[in-house]
Amino acid sequence: MSTSVQEQRLRRRFDMWDKNGDGTIDRSDWEGEAKRILLSFGENENSPKGRALTDAYLGMWDHIAEEAGVGRDGALDFDRFQAVAAAEVLDRGQDGFDEVLRPTISAIAGLCDTDGDGQISPQEFQRWIVAIGSNEATAGTAFKLIDTDGDGHLSVDELIAAVHRYHSGELEFSLL
């Protein structure tokens, strides 16, 4: 994938976290996204699912902030975020996605799975997409592309693979 495509995709993600538009992201931005997701699902942040999601988001932030050398209470501008995301996730391939993103995606999947069947339905997926600030209109198309086994539900593995394929340029829609 070209650097400009990778940069564009990371920029979009960065801008979604940078809700106040100050050009930096910090721990509160990641905590805010976790809260927005919990709110959209009507989940209390102190419930087991709420705690799992918040802990996963903040754990991902802490990892990235540590690797960037800013500490958990620091902030990252886009250039620093891009460099760390590339080094810790993108350049490491599936291992990077598994280490850095799997806990968060697993927690999101647990929250989205409102019927407790261990899978994410199209409706559950759409709620997640809206909660993270993505375009609701793309949810149906994205779901079909991610559902690689065609069973009409998404697994954690399918979600992680989709994020990996998106950032590697193999998937051409805006998931995150």
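Q: To start, is threonine 54 buried or exposed?
A: Threonine 54 is buried, with a relative accessible area of 5%, where buried means under 20% relative accessible area, exposed over 50% and partly exposed in between, using a 1.4 Å probe and protein chains only. Please keep in mind that this is a predicted model, in which local features need pLDDT of at least 70 and side-chain atom pairs count only at pLDDT 80 or more, while totals for chains, interfaces and linings use all residues. Residues are numbered from 1 along each chain as its sequence is written, and side-chain values use heavy atoms, with hydrogens and water left out.

Q: Where does threonine 54 lie, and what does it touch?
A: Threonine 54 lies in helix 3, residues 48-68; helices here are DSSP runs (H or I, at least four residues), numbered from the N terminus. Not counting residues up to four places away in sequence, threonine 54 touches Ala34 and Leu38, with contact meaning heavy atoms within 4.5 Å.

Q: How far is threonine 54 from glutamate 33?
A: The two are 21 residues apart in sequence, and their C-alpha atoms are 9.0 Å apart in space.

Q: At what angle do helix 2 and helix 3 pack?
A: Helix 2 (residues 27-40) packs with helix 3 at about 155°, and their axes are 9 Å apart; axes are lines fitted to C-alpha atoms over the stretch in contact, and angles run from 0 to 180 degrees between N-to-C directions. The two helices are therefore roughly antiparallel to each other, given that angles over 145 degrees count as roughly antiparallel, under 35 as roughly parallel, 65 to 115 as roughly perpendicular and the rest as oblique.

Q: And which residues make that contact?
A: From helix 2 they include Arg27, Trp30, Glu33, Ala34 and Leu38, and from helix 3 they include Leu53, Thr54, Tyr57, Leu58, Trp61 and Asp62. The residues of the contact of helix 2 with helix 3 divide into 10 nonpolar, 2 polar and 5 charged, where Ala, Val, Leu, Ile, Met, Phe, Trp, Tyr, Cys and Pro count as nonpolar, Asp, Glu, Lys and Arg as charged, and the others, Gly among them, as polar.

Q: What about arginine 27, buried or exposed?
A: Arginine 27, which is found in helix 2, counts as buried at 16% relative accessibility. Leaving aside its neighbours within four places in sequence, arginine 27 is in contact with Leu58, Trp61, Asp62, Arg72 and Gly74.

Q: Changing topic, how do helix 6 and helix 7 cross?
A: The axes of helix 6 (residues 122-131) and helix 7 (residues 139-146) come within 10 Å and cross at roughly 120°, and the two helices are therefore oblique to each other.

Q: Which residues meet there?
A: Pro122, Phe125, Gln126 and Ile129 in helix 6 meet Ala139, Ala142, Phe143 and Ile146 in helix 7. By class, this contact has 7 nonpolar, 1 polar and no charged residues.

Q: Which residues of helix 7 are buried, and what covers them?
A: Ala139, Ala142, Phe143 and Ile146 are buried in helix 7. They cover an arc of only 105° around the axis, so they are on the same side of helix 7; the arc is that of the directions from the helix axis to the C-beta atoms. What covers the buried residues of helix 7 includes helix 6 and helix 8 (156-167).

Q: Last one: where is serine 121, and what is it in contact with?
A: Serine 121 lies in the loop between helix 5 (93-112) and helix 6, and at 11% relative accessibility it counts as buried. Leaving aside its neighbours within four places in sequence, serine 121 is in contact with Phe143 and His153.
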